[in-house]
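Hello,

Here is the structure for your files. My notes follow below it.

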Amino acid sequence: MADDLGAIGSFFFYVFIVHPATAWILRPGRFERSKSIMYAIAFLAALAAIKTGIEMNEKGPNHYSLLNVDRASSPLDIKRAYKKLSLVLHPDKNDAPDAEEQFDNLKKSYDVLIDMEYREVYNKFGAAGIESNKRFDESTFFMELGVFYVTWGIMVYMLTLGKKSGEARQWTFTGLILMLVIEIAIMTSTENPLPEWLFPTTTEYEMIWLLHTLFPAFMNGCRSMGSYLYVDLDEKQRALLKALQEQNQDILLVLRDVQIGIQNLQTSGVSSGPRLGNSTLTPSTAGLSAASDVTARATPTGKIKELQNRLQPNKPNIAPTANQAQAKNTGSSSLGFYGMIVAYVAISYMFG
């Protein structure tokens with residue numbers, strides 16, 4: 001019950017305090033894009049580490065840590081460790097104000113770990129499992145598991161509604177499914193799936209507790225980053241179509257200028273007529289000279305260069321828009337595939 005209340009408290013803490021603070025860091029224009037992402041990730045990681053560390057410190061050391069033994073220790077090793085520590089922590093030889101409490105905790109740890117049945121219950125369900133005499137039942141386990149993950153799935157869906165949260169929803173549900181697979185693998189295994197050298201005093205119950213504690217931070221991190229990295233493809237396509245429409249208008253205007261220039265050339269050529277000799281300039285020859293200037297300006301090469309110059313300013317608007325749309329489609333299609341591969345490799349390595 002206490003763990004459930006703690007999970008609810010963590011949920012509200014991250015939703016109503018951490019998420020707005022992260023959104024403030026990621027607000028456009030506050031920092032550079034790369035720095036905003038780096039600052040947000042560092043903030044979330046530091047906050048999650050501090051909060052989890054405080055909660056672990058409040059829980060105190062587990063029975064293995066109190067006896068200075070690990071998960072692989074035999075009953076003989078546990079008995080030796082208890083005798084050694086009892087000589088130091090016994091109230092007759094320990095001057096600490098809480099000497100009796102320390103010795104009682106040591107005795108309780110010994111009583112649990114020396115009994116293999118209690119030890120298995122403690123590894124799976126923690127100290128609360130010992131107090132309630134809980135045993136692993138497959139139907140009860142999967143029922144409780146279903147209630148927990150369905151509840152979280154509904155909350156994730158409600159918190160990631162909207163177009164901007166589409167990717168965040170995918171990331172969060174991927175993490176939720178991965179956590180579900182890990183929890184089932186841990187709880188249904190007869191032995192601790194972690195290697196003995198990795199966190200030697202950590203129980204299965206504490207690993208599950210750690211996953212549940214970190215998930216709210218992961219979810220809100222996905223919400224913040226997903227909203228920040230969201231690209232509105234519809235808006236980008238509208239901008240692209242508008243830029244193309246402006247280009248088409250420029251092309252039509254230039255082609256119309258070319259048509260008018262050609263018509264002027266034809267009109268000037270007909271009105272001037274042929275002339276003989278090297279007479280001085282007459283109004284007709286002056287008109288022919290003016291027509292020659294128009295010809296120079298209205299040549300196909302000149303008009304093509306003019307068209308290129310008019311279309312050049314629109315290229316920076318079109319190219320990035322098209323590239324972003326293409327990158328968005330490619331990234332979204334490949335992200336889930338690579339994520340599944342990484343998750344499969346990690347699970348196979350840890351639990352295979």
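Where does Asn133 lie? Asn133 is in the loop between α6 (116–131) and α7. Helices here are DSSP runs of H or I with at least four residues, numbered from the N terminus.

Some ground rules. This is a predicted model, in which local features need pLDDT of at least 70, side-chain atom pairs count only at pLDDT 80 or more, and totals for chains, interfaces and linings use all residues. Residues are numbered from 1 along each chain as its sequence is written, and side-chain values use heavy atoms, with hydrogens and water left out.

Asn133 is not a glycine, yet its phi is positive, about 55°. Its relative accessible area is 47%, so Asn133 is partly exposed (buried is under 20%, exposed over 50%, partly exposed in between; 1.4 Å probe, protein chains only). Asn68 also has a positive phi, near 60°. Asn68 sits in the loop between α3 (63–67) and α4. At 61% relative accessibility, Asn68 is exposed.

Thr160 lies in the loop between α7 (138–159) and α8 (166–187). Its relative accessibility is 0%, so Thr160 counts as buried. Beyond its neighbours within four places in sequence, Thr160 contacts Ser165, Ala168, Arg169 and Arg223 (contact: heavy atoms within 4.5 Å).

Now a helix pair. The axes of α4 (residues 75–89) and α5 (residues 99–114) come within 10 Å and cross at roughly 170°. The axes are lines fitted to C-alpha atoms over the stretch in contact, with angles from 0 to 180 degrees between N-to-C directions. The two helices are therefore roughly antiparallel (angles over 145 degrees).

Best wishes

Note on methods: Angles under 35 degrees count as roughly parallel, over 145 as roughly antiparallel, 65 to 115 as roughly perpendicular and the rest as oblique.
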